[in-house]
Amino acid sequence: MPVKTLPLKKEIAYASGMMGWSIMTNIIIVMLPYFYLPPNNSGLSPLVPQLLVFGAFNILSLIAASGRLFDALYDPFIASLSDSSKNPKGRRIPIMRYAIVPAVVFCGLVFHPLVNGESTSNAWWLTFMLAGFFISLTTYIIPYNALLPELAHNPEKKVRLSTYQQVGFVVGMIIAALCNNYADLLQDIFGISDRTLALQYTMWGLCILAGVVMIIPVVAIDEREYSEAKPTHIPLIPAIKNTFRNSNFKYYLISDFSYYIALSIISSGLLFFVTVLLGLPDSDGGKFMGIMVILSLVFYPFINYGAKRFGKKPLVMIAFAVLSLIFVTIYFLGRLPFSSTAQMYIMVSCASFPLAALGILPNAILADIAQNDTEETGENHEGMFFAVKYLFVKLGQTLGIAVFAMLTIYGKDPGKDYGLRLNGVVGFVLCVFALLFFSRFKEKK
């Protein structure tokens, strides 16, 4: 049977899986530091001690990093399992279906600490719940992303499917960023006086929503109809080594890793930047995130056209340059000669282009890298490329949370905010680093 072209409704179904993944991932990135180690003007109580380890790392930064240690071992395993699968129903989707319920449960439990107050018991609980969450979500996202080069059969279709995927990601980002707004509604409608309880109800509702949309590609797409990929015969360790022999992939990976550290710093710090540096209510954080994402949609047609006309590499480099300047702005938030609201509008407006370009193009670039490698080697190990990429994405996200949490030692409250401002300096350096490495990437014409 000839392989079919993926129709529009199936492309949208595929993108919905990214939306669910994005909701849960961004709940953790945005809310974890704010929920467990909140600023003193938030109305929440700290849930883990602000203790220092080796004089520099606080408990929350170590917890965030330790949860990813399990991923470091598990990511290549699930990629190898998917690449070599001989399941008659397909290599990817049969694995994805088993991850959804555990991911929902563990994500909800992350925000249900054992003790309603500052306690090391909460630190241990959080460590194990995060490990379970990361492993569950990895079981979904690695096979899911490995489907992209198999479902999109030429470079233009890869960019288009990656664009729909990015729409799903940014919609999930908006939904997750509005956590405090939903909690406000719950408190107003149901008269819930406990802010922590309102946030916990909100988290569970969002986790269930994420699980529902993650089911859509599983039930809507029969990968046997749209993919002709065959199981790979390369063992796990050689498959990992093969990805690092690709010099283009190494430059891509380093720049992508730096970008996700920087992005995670912005996401983790958003509520702090809004409430501490600018003195605005926490519900404004979700509003500004939503505005930034909606503005980024304006650039989607230009990025699709620009990728065909000029190539993907120039757009990615411009995006890194703009993002580096945005981090400089973070250092001066609250000190600029504009109102607090105007400062945020300027920053999110400028961030909309990098968000669009760095959301759409990297997955399309990686799909090209994986497909070119398959053509050269004759082995279909797309899953391993995406496994290594997403291992570094998750390490980057975790390191971003850890860096942000660590810098709060130097000030995270009104009148003592130097630690928050240092995030701008770190983000600037990371974006410049990403730009320099990606400049060495050789785009195939």
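**View 1. The whole chain as a predicted model.** The model is predicted: local features need pLDDT of at least 70 and side-chain atom pairs count only at pLDDT 80 or more, while totals for chains, interfaces and linings use all residues. Residues are numbered from 1 along each chain as its sequence is written, and side-chain values use heavy atoms, with hydrogens and water left out. The pLDDT is the predictor's confidence in each residue, on a scale from 0 to 100. Its mean over the chain is 84, and 90% of the residues reach 70 or more. Confidence is lowest in strand E1 (residues 52-53), with a mean of 59, and highest in helix H4 (residues 100-110), with 96. Of the 445 residues, 61% count as buried (buried means under 20% relative accessible area, exposed over 50%, and partly exposed in between, with a 1.4 Å probe and protein chains only). A contact means heavy atoms within 4.5 Å. Among contacts between residues at least 6 apart in sequence, 82% join residues at least 24 apart.

**View 2. Helices H4 and H5.** H4 and helix H5 (residues 120-146) pack at an angle of about 155 degrees, and their axes are 8 Å apart. Axes are lines fitted to C-alpha atoms, for helices over the stretch in contact, and angles run from 0 to 180 degrees between N-to-C directions. H4 and H5 are therefore roughly antiparallel to each other (angles over 145 degrees count as roughly antiparallel, under 35 as roughly parallel, 65 to 115 as roughly perpendicular, and the rest as oblique). Their crossing is left-handed, a term for a near helix turned anticlockwise from the far one by less than a right angle, whereas clockwise gives right-handed. Residues of H4 in the contact include Ile100, Phe106 and Val110, and those of H5 include Trp125, Phe133 and Tyr140. By class, the contact of H4 with H5 has 14 nonpolar, 2 polar and no charged residues. Ala, Val, Leu, Ile, Met, Phe, Trp, Tyr, Cys and Pro count as nonpolar, Asp, Glu, Lys and Arg as charged, and the others, Gly among them, as polar.

View 3. The axes of helix H7 (residues 155-177) and helix H14 (residues 300-309) come within 11 Å and cross at roughly 155 degrees. H7 and H14 are therefore roughly antiparallel to each other, and their crossing is right-handed. Tyr300, Asn304 and Lys308 of H14 make the contact with residues of H7, among them Glu156, Arg160 and Val170. By class, the contact of H7 with H14 has 4 nonpolar, 3 polar and 3 charged residues. The axes of H1 and H7 come within 7 Å and cross at roughly 35 degrees, and this crossing is right-handed. Leu8, Trp21 and Ile27 are among the H1 residues in the contact, and Arg160, Phe169 and Ala176 are among those of H7. The contact of H1 with H7 divides into 15 nonpolar, 5 polar and 2 charged residues.

View 4. Thr25 lies in helix H1 (residues 8-36) and is buried, with a relative accessible area of 6%. Leaving out residues up to four places away in sequence, Thr25 touches Phe133, Leu137 and Gln397. Pro33 is also found in H1 and is buried, at 2% relative accessible area. The residues that Pro33 touches include Leu60, Ser268 and Phe404. Pro33 and Phe404 are 371 residues apart along the chain, and their C-alpha atoms are separated by 8.6 Å. Ser264 is in helix H12 (residues 247-277) and counts as buried at 1% relative accessibility. Among the residues that Ser264 touches are Ile29, Gln397 and Ile401.

View 5. Glu443 touches Gly311, Lys312, Lys313 and Pro314, not counting residues up to four places away in sequence. The C-alpha atoms of Glu443 and Ile369 are separated by 9.5 Å, with the two residues 74 apart along the chain.

Definitions and conventions. Helix = DSSP H or I, 4+ residues; strand = E, 2+ residues; numbered from the N terminus.
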